[in-house]
Structure formats: structure tokens, C-alpha cells
Amino acid sequence: MALTSEEVVALTRKHNYGTWRKQKSWKPVHVVSADGCYFTDGAGRRLLDFSAQLMCVNLGHNNPAVVQAIQDQAATLTYAAPSYATTARAELSQLLLEVLPAGLTKFFFTTSGTEANEAAFKIARMYTGKTKIIARYRSYHGSTNSSIAATGDPRRWPMEPGGKGQGVVFGPEVNCYKCPIRHTYPGCGIACADYLEHMIRNESDVAAVLVEPVVGTNGVLVPPPEYFPKLRRICNEHGVLLIADEVMSGWGRTGRWFALDHWNVTPDILTTAKGITSAYVPLGLCATTGKIAEFFEEHFFAHGHTYEAHPMTLAPAIATIHEMQRLDLLARSKQMGAYLGERLLSLRSKHPCIGDVRGLGLFWAVELVKDQYTKEPLNSWQEKLDGKPLVVDQIAAKMMARGVSVQAWMSHFVLAPPLIVSRAEIDDAIAALDEALVLADALLEISVSVS
Ligand SMILES: Cc1ncc(COP(=O)(O)O)c(C=O)c1O
């Protein structure tokens with residue numbers, strides 16, 4: 001007999017771990033099916049998926065061409081070890097040359113963004129013969145030992161001192177809303193990039209600088225146009241590799257295939273996952289330049305997985321790219337993204353709890369603050385780690401009750417719907433957010449009247 005929805009939730013809660021949280025308060029929603037920009041829960045409610053699950057279902061749910069590609073691959077070849085060549089592997093490699101920044105020509109396929117970054121770190125260290133990686137504080141690069149050690153945000157803290165260091169040193173992120181080194185753009189000369197150069201000069205043994213070109217879960221931080229050309233120059237001058245983690249910012253999310261395309265910068269290594277298959281199957285990619293590839297012709301490539309280049313993961317990626325091209329989703333991301341941005345910016349003047357609204361393409365953040373002048377976030381990371389109820393979670397729950405699902409982090413929302421989203425769907429999400437933000441405005445009013 002089929003499980004009831006309550007049983008599904010109870011069994012999941014009892015036997016599975018809820019990620020990045022204390023377990024006691026975890027109440028997972030039972031997802032039964034999904035289609036386009038919506039998923040349906042166990043009670044039969046259709047919910048607008050306004051963060052594309054984890055900013056990954058870029059094509060929308062249940063795209064028939066991608067589903068068909070999975071079925072066709074399953075009917076033909078379900079597995080081949082990484083030492084073999086497969087048609088899906090060759091076809092996808094050929095297609096990647098069309099969409100990746102020019103110069104990235106050699107690929108290692110993984111089953112997650114985390115593993116793509118692990119591969120990138122190992123490749124960078126083997127290739128340069130150096131150890132250190134410079135990452136930035138407001139960043140997330142994955143959950144395994146090395147990738148969490150390279151994560152600047154406090155998700156790293158519970159792993160320290162065990163994972164401490166691992167050859168990673170942290171520099172300032174680019175954040176023109178709240179500059180970590182207290183400069184103001186324009187007019188700062190991109191001092192945050194200069195600081196990374198200062199670090200390279202003063203840390204010996206630097207293999208790579210690791211960046212999210214548009215920072216994702218840490219609040220959709222979009223750099224000014226001068227940042228990446230300058231950072232590329234710095235890396236070139238010092239013989240340091242530039243690793244672009246485009247796990248979230250890739251695949252049309254910002255209106256281009258990859259975020260770095262906005263600034264015409266090619267990294268030495270690009271990692272990605274999520275939108276590469278619209279998350280229908282788990283696939284990650286670590287792409288390197290031909291120059292790096294050349295090195296391994298005569299040097300031992302000390303990396304691999306059983307599931308590397310798994311044909312079941314590669315065939316849907318081919319279909320995803322073709323669907324993105326057929327539906328012209330880069331143009332749509334740009335166009336709908338501009339509309340979403342306009343609508344979000346219009347909320348700012350209405351809600352004193354909104355500190356900042358920023359984004360690119362269909363990738364936006366709304367950051368909530370206690371005070372627009374001090375920019376102090378509404379909740380802190382420590383409160384999240386301590387399992388305290390966060391205001392953003394209450395707002396997200398209120399929106400969910402109104403039929404809109406959004407991802408909330410600490411003190412901001414990441415609004416990143418499937419790239420097929422319509423104006424009417426954007427309007428629905430904005431109406432739900434507008435209504436729910438009153439909750440946070442009221443908290444501000446209480447604190448003002450008390451003080
Ligand atoms: C920028 C970035 N890098 C790496 C990862 C890790 O990817 P995965 O969760 O597929 O391991 C994520 C996940 O959200 C991410 O946003």
C-alpha cells in the first residue's frame with residue numbers, strides 16, 4: 001500500500017539527515033511531482049518554485065526532451081567505466097566547446113559541484129606544484145573536506161579545527177553594498193582585488209585564486225565591471241591560476257552561458273554543476289584550459305571516480321544545452337531578469353527592512369537589515385548555527401502558505417526561478433514577498449518604538 005504523505009514526511013525525518021541545520025525543527029515538505037515552474041506537494045497544492053529548488057532547475061521541471069534523453073540513454077547504455085569512451089561523453093564534450101568560455105577544452109565529469117571543486121583544487125596543485133588556494137570570505141564551494149575548507153562562510157566553522165587551513169587562505173569578497181574593507185565604488189580602484197594581489201605577494205606557494213564570479217548563497221554579490229579583468233591580470237602577472245566556481249552562476253542564470261562571459265574573462269579552470277542538467281541527474285564538470293591539459297600528457301593525473309563521466313548523467317546534459325538553445329533561454333533570462341529586478345527594486349522604497357536588492361539575469365537577492373544606515377543584518381550566522389528561528393524563514397513560510405517557495409539564507413533571499421518563468425509568475429512571487437515582508441517591517445517598528 002502506498003505511503004500517506006504524513007508517513008513519507010515522518011519516515012524521511014526519522015531516518016534521514018536534514019542538511020545544514022539542527023534536526024529537531026526539520027519539517028520537510030513532501031514533493032510529489034513537478035512541472036514547469038511549479039511543484040506539487042502531498043496535499044495536492046501547486047507551489048511556484050521561485051528559487052528553482054536550489055537555483056538549479058534552470059529549464060523548469062519535467063522538460064520532455066531531457067526526460068526523453070534520460071529514457072533513451074537508460075535503454076541504450078546505463079553505465080561504462082571512466083576508462084571507456086562513450087557517445088554521450090564525446091557529444092557532450094563537443095557541445096561544451098560551443099558554450100564554455102573559449103580556451104576551456106579538457107573536461108573531467110563529476111556528480112556534484114563539490115566534487116568538481118575537489119577536482120579543480122587537485123588539478124591546480126598538481127599543475128602548479130604549489131599548495132595554497134586564496135578564496136574569499138563570503139563564498140560557498142562545497143561540503144567535502146577540501147571544498148568546505150575553501151568555503152569562506154560559517155558553514156566551515158563546525159569542521160574547524162579538523163579541516164582548518166588545508167592550504168586555504170581567505171581574502172575579502174567583492175561587495176559594493178557593504179565593502180569588507182570599507183571602500184566605496186566607484187572611486188575605490190577595486191581595492192578588494194588589490195588586496196588579493198597583496199595576499200599573493202605575501203603568501204608564498206599560491207596555486208590558485210578561487211572565486212564565484214557572481215556569489216550565490218552568500219547573497220548574489222555582483223562585481224563591478226572592472227573586477228574580473230583586473231583579477232585576471234593579477235593572476236597572470238603572478239603565475240597563479242584563476243578558478244571560477246560557476247556551479248550556481250552558470251547555465252544562463254545571469255543571462256549569459258557563464259557569469260564570467262559578462263566580463264570576457266576566461267578562467268584557467270571552470271567548475272560547474274546544477275543547471276548543466278537542470279539538476280535532473282547529478283552532474284558536475286571541471287573544465288581546464290588546453291595548457292593545463294598538455295601538462296598531464298606527461299604527468300600522472302591522480303584523480304578519478306567510479307561515476308566519472310557516467311553516461312546516464314551526460315546524455316541529459318546534451319539535451320539540456322539543446323533545449324536552452326531552442327528556447328533561447330539566455331535572452332529570456334536577461335529579459336525576465338530585468339523585469340524581476342525592476343519589480344524587486346520597487347519593493348525597496350516600501351519596506352524599511354530591505355537593505356539591498358541586487359542581481360544579474362534571473363539571479364537576485366533581497367537582503368534584510370535591522371537598520372538601513374548601519375546595514376546590520378536582521379539575523380546573524382551564529383543565530384542560524386544555534387538553530388534560532390530566523391526572520392527570513394518566517395517570511396519564507398508565509399510565502400509558502402501563499403503558494404510561493406523561495407530559498408532563504410541567514411538574512412537574505414535568493415530569488416532565481418526557472419529561466420522559463422513568465423511575467424505573471426514573477427508578479428505572483430512579488431505579491432507574496434511584498435505581503436510577507438510586512439512581518440520584518442513590523443519587527444523594525446517594534447525595535448524603533450522600544451529604543
Ligand atoms: C557556488 C557553489 N559551489 C559549489 C557548490 C556545491 O555543489 P553541490 O551541492 O552540487 O555539491 C554549490 C552548491 O550550492 C555552490 O553554490
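1. Ring pairs join Phe108, Tyr127, Phe295, Phe296 and Phe301 into one cluster, where rings of Phe, Tyr and Trp (its six-membered ring) pair if their centres lie within 6.5 Å. The model is a predicted one, in which local features need pLDDT of at least 70 and side-chain atom pairs count only at pLDDT 80 or more, while totals for chains, interfaces and linings use all residues. Residues are numbered from 1 along each chain as its sequence is written, and side-chain values use heavy atoms, with hydrogens and water left out.

2. The structure holds 11 aromatic pairs. Phenylalanine 108 and phenylalanine 301 form a tilted aromatic pair, at 5.9 Å centre to centre and with 50 degrees between the planes; planes under 30 degrees apart count as stacked, over 60 as edge-to-face and the rest as tilted. Because phenylalanine 108 lies in strand 4 (residues 104-110) and phenylalanine 301 in the loop between helix 9 (290-295) and helix 10 (311-326), the pair ties together parts that are 193 residues apart in sequence. Helices (H or I, at least four residues) and strands (E, at least two) are DSSP runs, numbered from the N terminus.

3. Phenylalanine 108 counts as buried at 6% relative accessibility, whereas phenylalanine 301 is partly exposed, with a relative accessible area of 30%. Buried means under 20% relative accessible area, exposed over 50%, and partly exposed in between (1.4 Å probe, protein chains only).

4. Helix 7 (residues 191-202) and helix 8 (residues 227-238) pack at an angle of about 15 degrees, with their axes 9 Å apart. Helix 7 is therefore roughly parallel to helix 8; angles under 35 degrees count as roughly parallel, over 145 as roughly antiparallel, 65 to 115 as roughly perpendicular and the rest as oblique. Axes are lines fitted to C-alpha atoms, for helices over the stretch in contact, and angles run from 0 to 180 degrees between N-to-C directions.

5. In this packing, Cys192, Ala193, Asp194, Leu196, Glu197, Ile200 and Arg201 of helix 7 meet Tyr227, Lys230, Leu231, Ile234, Glu237 and His238 of helix 8, contact meaning heavy atoms within 4.5 Å. The residues of the contact of helix 7 with helix 8 comprise 7 nonpolar, 1 polar and 5 charged, with Ala, Val, Leu, Ile, Met, Phe, Trp, Tyr, Cys and Pro counted as nonpolar, Asp, Glu, Lys and Arg as charged, and the others, Gly among them, as polar.

6. The axes of helix 13 (residues 391-401) and helix 14 (residues 423-436) come within 9 Å and cross at roughly 130 degrees, and the two helices are therefore oblique to each other.
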